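Subject: Two-chain model, handover and findings

Hello,

Here is the structure I promised to pass on. Please look it over, then read the notes below it.

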Amino acid sequence: MSRTVVVWWDDWPVVVAGRAADSVIVVSNNRVVAVSAAARADGVRVGHRRREAQGHCPSADVLPLDDGDDARAFETVVAAVEQLCPRVEVVRPGVLAFASRGPSRYFGGDAALVAQIRNVVCDAVRTSLGLEAGVGPGVAVADGNFAASLAARAALSARDRVLVVPPGKSAEFLAPMPVSAIGDPAIADVARRLGLRTLGAFAALDASDVLGRFGAAGIDAHRRANGLEVRSLAPREPPPELSVEVTFDPPADNVDRVAFAARAVSAELAEGLRARGLVATALVIEVETDHGEKRERRWRSEGALDARSVAERVRWQAEGWLTDVATKVDDDVPTAGITLLRLSPDEVHEHEGAAQSLWGGSPEAVERINRAVARVQGLLGPEAATTAVIVGGRGPAEQVRMVCWGDARAVDESRANAPWPGRMPAPAPALVPDDPVPLDVLDAGGSVVRVNGRAEMSAPPVTIVGPHGVDRVTGWAGPWPAEERWWDAAGARRRARLQVRCASGAAHLCIVERGRWWLEASY
Amino acid sequence: VTAARPALEAAALRNAITLAAGVVPHDGWVAAVGLPSVGVLAAAEVGLALDHLVFFAVPPGQKHWGTVSVAAVDAFDVVVLAVPARPRLAEVRRLVGRARERGTTIIATGAGASAWGGEARVNTAAVDWEGLGCGYGTLRECRVTIELDGRGSVRPRRLDLVL
């Protein structure tokens, strides 16, 4: 059982936003993910719905979560801790862990070590990032990762926000914790309904009963509750041929190229692991530049690291390194483009097998699609394969955003479902060119139809002259005025839309701006 | 194959996506190859699931069109394909062979679609939109006259549809 130190920054996104002193909540997918101290005092908790949180603390500012920013800033903190201790593992932005055996002897005991680490971390935030540290992180040392993480969270309510759980006392420390902390919502829910309210009660069950009821995941949870290492098998030394690398020629100087290549190699890595029946729970990402500068970072994950989360972590690391220039925390800012990216699994376990969902889509189909898309993206770049999300807006083109395959499809629901006055009613046009095509809408006298500020037309349209030649108008409706961003001098647009039906049978959506007509879409 | 006169390009596209929505199995995947201008909202309206719809952009030129199409035909259930003018016959034959082997439905549209020897051909002969008056109303529904033609069991006939 290895002694582990965990630094747990509860409100890291709030700190990064520079608002630790104010009352702020950070929201992702309509759920609160981080709370500043002031908002917490008003009763807002992580996991609340956005509206519930605003009910508790109406004056709080609501910010969206920005994972990339949080990870970049956290890179600075990790670098500062790394100057004291080797082999720091990043769990996610705001949480890091490392084995404490060596450092604790060097700094004179666990208590001295955690106090020292806390000071260093808060200093790094204050001086290098120039941000308010606020409450600061909880720092704790205990046996194993799980106990140390819970202890770090408990440390947040301790006096100087540090906590030392003595060796061998982890199970005792965990026993009074609520069973919901077990790290598996499904098991926690069943256990609660069985009347097992604390981790201690769950730990007291017989291991074979837990295995029979909950399977492999249950055994993991049971071992965690007992303060033991999660995996029954000792971590196996990963075979060296599992590591994958990609070289860049010419050197890559922007993060996007690195991140894109990472997506392909992480799929390769996952494939290699699966062929051997293994999963990786820790991973070393190595990035090297043309001048031989190197940055190596260990990433740990509670579950298995899949291809997408690996690619995300590569992006965070590369971005953090390349933007270190501004923060000046260490001298090894790269002076040349990135030439090498290597991913090596650092800790692998036997794959216990995950049951396929009974009703969900078949995983093979998704994998087949992923492979086909990766082939096209490898040939033509990431923009060659996109999917669409509906984001809300007035025009048919504005309502849709194309996202590259593999990027997050999350959208702001409230924006998409907002009423958008001036939006065209269904049906939607079948053909929407990327850029509107110039067009002339003429009246009976052959002059261009004008629309004035009161959305009145100078004369009914009779013919349109478009890309397919002259066409007689047999029906029309509108204009629908759309006055957008009138509060913003640079972004303001005043337009009006007109539906026309032509003698050829085609129906078009025309748009007028500053006296010029454009063909926006065809039905 | 869905085809139409240039002025009725949008109607041919509407036929193509409606057809795709009709034949795609539950939880199936649809690819749109070389169709950057297809109306996404219209696709959602006819019943395609946007998270199972992937758009492939194809740079101009013959070179990549074949590669991208083959990749799509290999993996997806339904492929809506914009055929460039004068496609290479060898490539077309390869695509058709792959589609038959994999059970993929190809819906060909665009400039070169008429060169495509598919199982069935849907030609949009006339379109009439209803619901629009002179200065009032909005477009409501679309009556399409299509000419169906094809090999084997497909009899040539004319159909009126309301989309």
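First, a term used throughout: contact means heavy atoms within 4.5 Å. With that cut-off, A:His48 touches A:Asn30, A:Arg31, A:Val32, A:Gly43, A:Ala53 and A:His56, leaving aside residues up to four places away in sequence.

Some ground rules. This is a predicted model, where local features need pLDDT of at least 70 and side-chain atom pairs count only at pLDDT 80 or more, while totals for chains, interfaces and linings use all residues. Residues are numbered from 1 along each chain as its sequence is written, chains are lettered from A and ligands numbered from 1 in the order in which they are written, and side-chain values use heavy atoms, with hydrogens and water left out.

Around A:His48

A:His48 sits in the loop between α2 (37–41) and α3 (50–56) of chain A. Helices (H or I, at least four residues) and strands (E, at least two) are DSSP runs, numbered from the N terminus. Is A:His48 buried or exposed? It counts as buried, because its relative accessibility is 14%. The scale is this: buried means under 20% relative accessible area, exposed over 50%, partly exposed in between (1.4 Å probe, protein chains only).

One of the residues that A:His48 touches is A:Asn30. A:Asn30 lies in the loop between β2 and β3 of chain A. Its phi is positive, about 70°, although it is not a glycine. A:Asn30 is partly exposed, because its relative accessible area is 42%. A:Asn29 is found in the loop between β2 (24–28) and β3 (31–35) of chain A. A:Asn29 also has a positive phi, of about 55°, and is not a glycine. At 67% relative accessibility, A:Asn29 counts as exposed.

Why flag these? Most residues other than glycine have a negative phi, and most peptide bonds are trans. There is a cis bond to note too. It joins A:Asp249 and A:Pro250, with omega about 5°. A:Pro250 is part of strand β9 (residues 244–252) of chain A.

Strand pairing in chain A

Two strands pair if DSSP finds at least two bridges between them. Strand β5 (residues 89–92) and strand β6 (residues 95–99) of chain A pair antiparallel over three bridges. A:Arg92 has A:Val95 in β6(A) as its bridge partner. The hairpin of β5(A) and β6(A) has two residues between the strands, and A:Gly94 there takes a positive phi near 105°. On another pairing, β5(A) runs parallel to strand β11 (residues 294–300) of chain A, joined by two bridges. There, A:Val90 stands opposite A:Trp299.

β13(A) is largely enclosed by the rest of the structure, because five of its six residues are buried. Five bridges tie β13(A) to β14(A), and the two run antiparallel. A:Ala388 stands opposite A:Met402 in β14(A).

The interface

Chain A puts 49 residues into the contact and chain B 51. The area buried between them is about 4100 Å², with 66% from carbon and sulfur atoms. Buried area here is the accessible area (1.4 Å probe) that two parts lose on being put together, summed over both. On the chain A side, α15 (363–380), β13 (385–390), β14 (400–404), β17 (469–484) and β18 (493–502) each supply at least two residues. α15(A) gives the largest share, 10 residues. That side divides into 32 nonpolar, 11 polar and six charged residues. For these classes, Ala, Val, Leu, Ile, Met, Phe, Trp, Tyr, Cys and Pro count as nonpolar, Asp, Glu, Lys and Arg as charged, and the others, Gly among them, as polar.

How many salt bridges are there between chain A and chain B? The count is zero. A salt bridge is a side-chain nitrogen of Lys or Arg within 4 Å of a carboxyl oxygen of Asp or Glu.

Chain B

Chain B has four helices and eight strands. Of its 163 residues, 48% count as buried. B:Val96 is in helix α4 (residues 89–102) of chain B. B:Val96 counts as partly exposed, at 23% relative accessibility.

Best regards
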